[in-house]
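Hi,

Here is the structure I promised to send over. Have a look at it first, and then read my notes below.

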Amino acid sequence: MKKTEKQKKEKKGSLLVQIGTIFVIIFLFVILGFAIIQIAGNNMTYFEAKREYLTPFLKNTQRQEEKALTNLEWYVPYWRTHASEVLQEYENPSYEDDEEQYSLDFELITSDKITAADLEALPEKRKLRVAANAYRIFSNNLDLSQWQLNNEYLFIIDVNKDSIGFIYEQGDDLDISMEYTRSSLGQMMWPDPDSIPPIVKAYSEGKTTNTSFIRYDLDKDDTHLYLGFYPVVKNGKILYVIGIAHDWSEHHSTLIINLIILVAISIVFLTIAGFILLHFVNRAALRPLKKIQNAVREYRKDKNTDGVIEKMDRIRARNELGELSDDVTDLVVELNRFNQENAKLIGDRKQVEAELSLASAIQNGVLPKAFPEEKDYQLFASMTPAKEVGGDFYDFFPIDDTHVGLAIGDVSGKGVPASLVMMTTKMLIKQHTLSGHSPAEVLKKTNDTICAENEREMFVTAWLGILDRTTGKIIASNAGHEYPILCTGDDGFRLMKDKHGFVLGGMDMSKYKEYEIELTPGSTLFLYSDGAPEATNASDQLFGTDQMLSVLNRDPKLRPEELCSEMAKAIDDFVGEAPQFDDLTMLCVRYNGWDSSESI
């Protein structure tokens with residue numbers, strides 16, 4: 001089916017644009033993948049280095065605090081619950097000029113003989129003073145400047161409370177003043193339970209005691225933190241967690257800026273590379289391909305083989321396109337040769353069709369078409385070939401005033417060879433019958449003649465009968481043909497299983513037997529070829545003799561012509577769209593009885 005112009009336009013498109021689009025998509029994915037790898041690799045290296053640097057600091061801080069403060073399990077909860085009082089005592093000590101009192105407090109704080117219970121038993125004023133001094137000692141030990149740490153601040157988390165309190169923080173180069181630091185005492189670092197990192201929850205639930213590092217981003221102010229946790233464990237229980245927060249926001253911003261610059265540079269270079277590549281593809285591939293396309297279109301339009309060959313010779317590409325141009329040249333040459341041969345075949349076919357048409361006309365000419373309308377009998381016959389010419393035949397001819405020859409036959413095969421054998425057989429049967437021979441003798445002589453010159457080894461089934469018009473008797477002989485169908489009286493049509501001889505042309509010196517059919521007035525004899533019972537529909541079902549009998553017995557009194565017409569129609573309806581694969585021949589004769597007053 002030809003494509004419409006609209007469909008052709010919808011198919012049109014620039015291959016260069018398509019290649020460019022694919023190139024852009026691929027390079028965008030390359031840039032995206034490269035950016036992801038760069039960010040992930042850079043961050044991994046950065047955080048690994050930061051982890052190795054901060055881990056010993058956390059461990060040393062933990063050791064210092066355990067050495068300086070022996071009862072942190074009491075101080076940490078107290079700082080959290082009395083944050084404002086501790087900060088006020090811290091900033092304005094009630095014993096500011098009392099060095100002796102401070103020394104006593106210091107000994108109490110650092111003594112390993114004092115327990116948390118002893119501290120809890122102190123008077124409230126003394127407990128506050130001791131807690132404030134302990135906080136002062138703790139603060140002095142968490143001096144980040146001693147470690148030359150930048151952008152870091154320390155904190156302690158009380159993981160034994162549901163609130164997970166934020167106890168202390170101190171930073172360097174973070175614009176965090178001492179006032180801000182002290183005011184942070186007791187502040188909740190994660191007031192919303194959903195925002196607490198999983199590792200902190202694991203510490204509070206006692207599921208792990210390992211040192212851990214995590215990333216923690218504060219989206220509200222675009223702050224990016226790297227948190228390190230070192231739990232302080234006593235008697236298998238985590239008392240508190242020392243944490244260090246590294247603000248890597250500046251590094252993050254620098255990384256993003258560098259990444260944007262890198263992506264921009266990559267896009268520029270890839271764009272230049274893309275244009276160079278597309279130029280090469282256009283020059284080395286698309287232009288030769290366009291030439292091939294134009295040459296094919298011109299050939300399709302004017303069938304100029306030399307023009308296509310000349311255009312293909314100009315394509316000197318040393319690649320698949322060069323091979324394609326050679327293949328197009330070979331294809332056009334072969335197509336031109338095929339067109340010439342096809343034109344010759346078309347001419348030969350037309351000649352054959354004309355000859356077949358002539359053969360069909362000749363075949364139709366040898367089959368009698370003038371059917372007798374005598375008082376004593378009526379006759380009708382038809383032959384429908386499966387091809388232009390067929391191998392079936394029928395014949396009827398007067399032998400004398402009171403005898404009529406009736407014949408029907410079927411040659412194996414179809415087409416012209418079968419048609420030639422058919423005409424020869426028909427002529428021999430008629431000739432021998434008119435010579436006065438009986439049906440059995442006629443079939444024997446015809447068989448001997450066919451066997452003598454049967455180089456194609458074709459055979460013929462045939463039935464021959466001689467009707468005596470005065471009595472209604474038929475002397476018949478059957479050479480392998482279909483059983484006749486007979487209707488006498490009111491019994492309807494029935495199958496006559498007569499005695500068969502061997503087919504004509506099948507075996508030399510074959511002999512045939514004769515039998516007699518008694519036709520009473522009103523009797524009808526129906527003869528047919530195997531094209532009727534063996535007619536096949538699309539489901540490979542055969543029409544069969546039972547259906548033939550059913551059709552004939554619908555109205556047995558119909559004229560011979562009407563019976564043949566009804567049978568042909570029933571077979572056509574049964575076969576439907578399935579192709580006719582065999583010739584269909586029918587001969588029907590009705591005997592009305594001899595009028596004795598008629599002169600002979």
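**What I found**

Buried residues make up 43% of the 600 residues in this protein. Keep in mind that this is a predicted model, not an experimental one. In terms of secondary structure, you'll find 16 helices and 17 strands. If you take the contacts with a separation of 6 or more, 68% of them join residues 24 or more positions apart.

Let's start with a helix pair. Have a look at H13 (residues 415-434) and H14 (residues 439-452): their axes come within 9 Å and cross at roughly 140°. An angle over 145 degrees would count as roughly antiparallel, so at roughly 140° these two helices are oblique to each other. Their crossing is right-handed. On the H13 side, the contact is made by Thr425, Leu428, Ile429, His432 and Thr433, while H14 brings in Val442, Lys445, Thr446, Thr449 and Ile450. Sorted by class, that gives four nonpolar, five polar and one charged residues.

Next, go to Ser510. It sits in the loop between strand E14 (500-501) and strand E15 (514-518). Is Ser510 buried or exposed? Its relative accessible area is 7%, so Ser510 is buried, since the cut-off for that is under 20%. The Ser510 side chain reaches the backbone oxygen of Met507 at 2.8 Å. Leaving aside residues up to four places away in sequence, Ser510 touches Lys444, Asn447 and Phe502.

Now for Val130, which you'll find in helix H7 (residues 124-141). With a relative accessible area of 0%, Val130 is buried. Which residues does Val130 touch, not counting those up to four places away in sequence? They are Tyr75, Asp105, Leu108, Ile109, Leu119 and Leu122. Take Leu108 from that list: Leu108 and Val130 are 22 residues apart along the chain, and their C-alpha atoms are separated by 8.0 Å.

Last stop: helix H15 (residues 544-552). Here Gly544, Met548, Leu549, Val551 and Leu552 are buried. What do the buried residues of H15 pack against? Their partners are strand E12 (485-487), strand E13 (493-495), strand E16 (523-528) and helix H16 (560-575).

Cheers

Note on methods
Residues numbered from 1 in each chain as written. Predicted model: local features only at pLDDT ≥ 70, side-chain atom pairs only at ≥ 80, totals over all residues. Heavy atoms only, no water. Helix = DSSP H or I, 4+ residues; strand = E, 2+ residues; numbered from the N terminus. Buried < 20%, exposed > 50% of the residue type's maximum accessible area, 1.4 Å probe, protein only. Polar contact = N/O pair within 3.5 Å; in protein donor to acceptor, adjacent residues only side chain to side chain. Contact = heavy atoms within 4.5 Å. Axes fitted to C-alpha atoms, helices over the stretch in contact; angles between N-to-C directions. Parallel < 35°, antiparallel > 145°, perpendicular 65-115°, else oblique. Left-handed = near helix turned anticlockwise from the far one by under 90°. Nonpolar A, V, L, I, M, F, W, Y, C, P; charged D, E, K, R; others polar.
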